[in-house]
Amino acid sequence: METLRNKRKFGTAELLLTFSVLVLVVIVAVPVLLIIGTAFFEEGRLNLAAIAKVLGDPDTYMALWNSVKIATGTTIVSTAIGVFFAWLVARTDLPFKRTMKALFLVPFMLPSFIGALAWKILLSPRAGYISKLLMGMFGLEKCPIDIMSIGGIIMVESMYLFPFVFLQVAGALERMDPTLEESARISGARLMTITRKITLPLVMPSILAGALLVALYSLAHFGVPAILGAEKGIYNIPTKIYERIHSSGGSMAGIKVGTILSTILVVTAAIILKLQDVVLKKGQFQIIAGKSMRPTVLKLRGLKVPMLVVCIVYLAVTVVMPTVTIMLVGGLKTYGLPLALKNLSLDNYVQLFRMKLTTDAIWNSLWLSVSAAFVTMLAGTMISYVIVKMKVPGKFLLQFLGVLPFSLPGTVIALGCILTWSGRFGVNLYNSAWIIFVAYIARYMAFSIKSNSAALEQVSDSLEEASRACGATHFQTLKNIVLPLVRPGMISAFFLIFLPALRELTTSVLLYGPKSRTLGVAIYALNEDGETVMAAALATIALLIIFIGETTIRKVLNRLQRQE
Amino acid sequence: MAQLALKDVTKRFGDVVAVNRINLEVEKGECFSFLGPSGCGKTTTLRMIAGFEDLDEGELSVEGKVFSSSYTRYYLPPEDRDFGMVFQAFAVWPHLNVYRNVSFPLEIRKLPKREIHERVTRALSYTGLSSKEHVFPKQLSGGEQQRIALARAIAINPKVMLLDEPLSNLDPKLREEMRFEIKDLQRKFDLTIIFVTHDQSEAMALSDRMLVMRDGVVQQVDSPLGIYENPVNDFVFSFIGLSNFVPVDIRGGEAFAKGAASAGPLHAAPEGAEGERRLACRPSEIDLLPAGAAEGVKARIERMTYLGDMVDYLASIGEHRVRIQKPRRAGSLAAGTECRLRLNRARWFDA
């Protein structure tokens, strides 16, 4: 009889479902609908003429074209670099493979806009340190490499995005059943033939999946083109949206253009994600080995040392050099001075901690990332539980809204938040840090749902049923059985959000107010104001915070794992 | 001349001797199995034959031609050995259809198109895959995938065909079917087969001769019947088929179960034997007699289990336990029944 009564009661299950739908609708669905609504409708009527006008404008048209060029270039370069290093690490007897594999993932940790700043300092056509060195050495009037160009943007973005391909492909190569290649060998095929006819086709889905991920990120990427391109009039879609909204002082005209460009971004992102899904589903061959076996490893012989040198030089140039540059320039008395010891001091750093703007920024980023990560983690756990475990009507809506944030670039989320939280619904968060908080929840919800769903899928249904059979209520079961079991997934969700939120720029740059600058925004603004030295100094502090955060988190996670 | 010859073949991984001085000759058209528990070195030996592992010592030759040798530092890579190989996890290429999977080794050998077509068609028809030419492996069952692997291996008319636990990923019924199919193929193509397995019944059913291995050392090489009937040591005896071991004291030409002399003698002792030994016999070699019978050792039925056509008993002689299997039609004894056991055959090993 108990069950019969429960069916009519508004119980824990219904509460969870209602709350999950509410969160996703308010945080995700409303902003997206408002963007599309604003883009297509004017005063309640469909207005395609306005869209045609915006798209016909050479200014926006060029931004679209640049986005395509940058994304294509970055995807090709990242894929080439990623596949090459993945092959080296997974399939050759390269020395120090494990260390190398960890080092190739370091670019993931570094914010790319700080990298862009470093490259601008090194290679900007007239003032860059390397540019000057090259011009002096060869007596040139102009530096042969101009980093502030489409090519430069592609180069810098690739340095930070190639790990997407690297991770996917190295994983596939390592887990691939070695007998697939051995049976080709015993069939008489040599290494080149095996690579061409067996290995490459089998890891092609992984290569494509990684490449599409790079394309998705590059298309929606703000930091690098903002720092290297905007000054020269090179805009992509996200920087164009930013430029339009800023130059129009946040007026409706600017926002309107923004929404149209955003719609294009969302549609493109959705297409890319759909493509990735198809590639992974259709092409994912069952190549994973049943029993663990050592994959066949190519002996590099004479090439062993040269290949190691290639890896080390690559990492030195793309990781060490920009980081060191930022740190040194952050200590310079004035920008442009040679990087000599007598020109360096800690004065800038001392000054940073006296400036309200920078201390505020550090504080804002810290509390925003911690609180957004915490709230998103909790909400994500709840939503994942409903999606994975509950059999309720209306679940499909939740599933759809749950995956939607994956295809929403940071710029689009920011714009949606402006439209939603500027008083239209009686809540005005504009110019306060809370609008950034809400935007972070929307932006990182997908991470939380992914991590929590994975953890929940590991928890067998029978564990919950056993608890209910012992007489526990649904709520007691959640509290005593489910939550403790998914805790690892929740913790990893927290850190998956906390770290990127700490260095976030794309979303907050559109949302910050006078008192709500984030760390990323402050560095960006200092650079915009020509305060390169101070920007570098603050970037150094950001890198330190990120480094300390990463290492302590890794330690904590390792300890937790050992306890499990 | 032997089709395949191994001379003092040895492989070490660090300090562990994975394979210790194997000597072996396999004749053309012979089906030869390597049998042993996991980690005994059988797969390593197969991989040395295939050329995926170099050998640390010894020499390996095929049709009198040296393929690997530690003496001359010679090593022929696997792609030049003209072998066929079938792996445990099938290793059929998921991005190629059935036809292309089988034609791949022939294309590598740059055979004329017509000959490739003929050979593929023949291999597919022998493995019952003729109608599946254009199907991709993903759409096929495990058994069919393993048939692709077989067809691929026989298509090149291999000098030696290597099978690495090819049936262990299949379900029991299919496994039994495939045994006979492999045996059939072997006869039709006059294949020389090296077959690695940890399943003794598989080895028994397929092999002309087999080798039992333990910790890298060959224990015995013989025909399946020879190994079953005349195991050289207790390891081989216990690895092949079900086994009972009873420690015995030998007195006056008779063997008594240790600490249970009052139950009577188990079996007549081998001539001239004295002191402690271990007696071994198979469950099927023991007869059940009524408690009042004039012969046999006194025992008690502890457990009786029906296994379909067979009845499996656990009986105790003092503190020792023995298993007995009898056909069901011979009737059965309930647990708790006192009885006598007659051992029809005994083998003797050191205590």
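Which residue forms a salt bridge with A:Arg190? The partner is B:Asp80, and the closest N and O atoms of the pair are 2.5 Å apart. B:Asp80 lies in a loop of chain B and A:Arg190 in a loop of chain A, so the pair joins two chains. The model is a predicted one.

**Salt bridge between the chains**

- The loop that holds B:Asp80 runs between strand S6 (74–75) and strand S7 (84–86) of chain B.
- The loop that holds A:Arg190 runs between helix H10 (178–186) and helix H11 (191–219) of chain A.
- B:Asp80 counts as partly exposed, because its relative accessibility is 32%.
- A:Arg190 also counts as partly exposed, at 42% relative accessibility.

**Salt bridges within chains**

- Over all chains, the count comes to 44 salt bridges.
- In chain A, the side chains of A:Asp59 and A:Arg244 meet in one of them, at 3.0 Å from N to O.
- A:Asp59 sits in helix H4 and A:Arg244 in helix H13 (residues 237–247), so this pair ties together parts that are 185 residues apart in sequence.
- In chain B, B:Arg342 forms a salt bridge with B:Glu295, and their closest N and O atoms are 2.6 Å apart.
- This pair links distant parts of the chain, 47 residues apart.
- B:Arg342 is in strand S20 (residues 338–343), while B:Glu295 is in the loop between strand S16 (286–290) and strand S17 (297–307).
- B:Arg342 is partly exposed, with a relative accessible area of 26%.
- B:Glu295 is partly exposed as well, with a value of 41%.

**Helix H13 of chain A**

- H13(A) is mostly covered, with eight of its eleven residues buried.
- The buried set includes A:Ile237, A:Pro238, A:Thr239, A:Ile241, A:Tyr242 and A:Ile245.

**Cavities**

- The model holds five cavities of 30 Å³ or more.
- The largest cavity has a volume of about 60 Å³.
- Its lining includes A:Leu110, A:Pro111, A:Ile114, A:Gly115, A:Ala118 and A:Tyr160.
- Further lining residues are A:Thr318, A:Val319, A:Pro322, A:Thr323, A:Ile326 and A:Leu543.
- Helix H7 (112–123) and helix H15 (304–329) of chain A are the elements that give two or more residues to this lining.
- H15(A) gives the most, with five residues.
- By residue type, the lining of the largest cavity divides into nine nonpolar, three polar and no charged.

**Nonpolar surface patch**

- A:Tyr61, A:Met62, A:Trp65 and A:Val68 make a nonpolar surface patch of about 410 Å².
- A:Val68 lies in helix H4 (residues 58–91) of chain A.
- A:Val68 is partly exposed, at 42% relative accessible area.

**Chain B as a whole**

- Chain B has eight helices and 21 strands.
- Its C-alpha trace spans about 80 × 50 × 35 Å along the principal axes.
- Of the 351 residues in chain B, 53% are buried.

- A:Phe96 is not a glycine, yet its phi is positive, at about 55°.
- A:Phe96 is found in the loop between H4 and helix H5 (97–104) of chain A.
- A:Phe96 counts as exposed, because its relative accessibility of 58% is over 50%.
- B:Lys110 has a positive phi near 55° and is a residue other than glycine.
- B:Lys110 is placed in the loop between helix H2 (98–108) and helix H3 (113–126) of chain B.
- B:Lys110 counts as exposed, at 72% relative accessibility.

Terms used:
Residues numbered from 1 in each chain as written. Chains lettered and ligands numbered in written order. Predicted model: local features only at pLDDT ≥ 70, side-chain atom pairs only at ≥ 80, totals over all residues. Heavy atoms only, no water. 1 Å grid on protein atoms, 1.4 Å probe; cavity = no way out; pocket = protein on both sides within 12 Å on 5 of 7 lines; lining within 4 Å. Points joined across faces, edges and corners; volume = space filled by probe spheres on them. Helix = DSSP H or I, 4+ residues; strand = E, 2+ residues; numbered from the N terminus. Nonpolar A, V, L, I, M, F, W, Y, C, P; charged D, E, K, R; others polar. Patch = residues over 30% accessible without salt bridge, like charges linked within 9 Å, V, L, I, M, F, W, Y side chains within 5 Å. Areas by Shrake-Rupley, 256 points an atom, 1.4 Å probe, with all protein chains shown as cover. Salt bridge = Lys/Arg side-chain N within 4 Å of Asp/Glu carboxyl O. Buried < 20%, exposed > 50% of the residue type's maximum accessible area, 1.4 Å probe, protein only.
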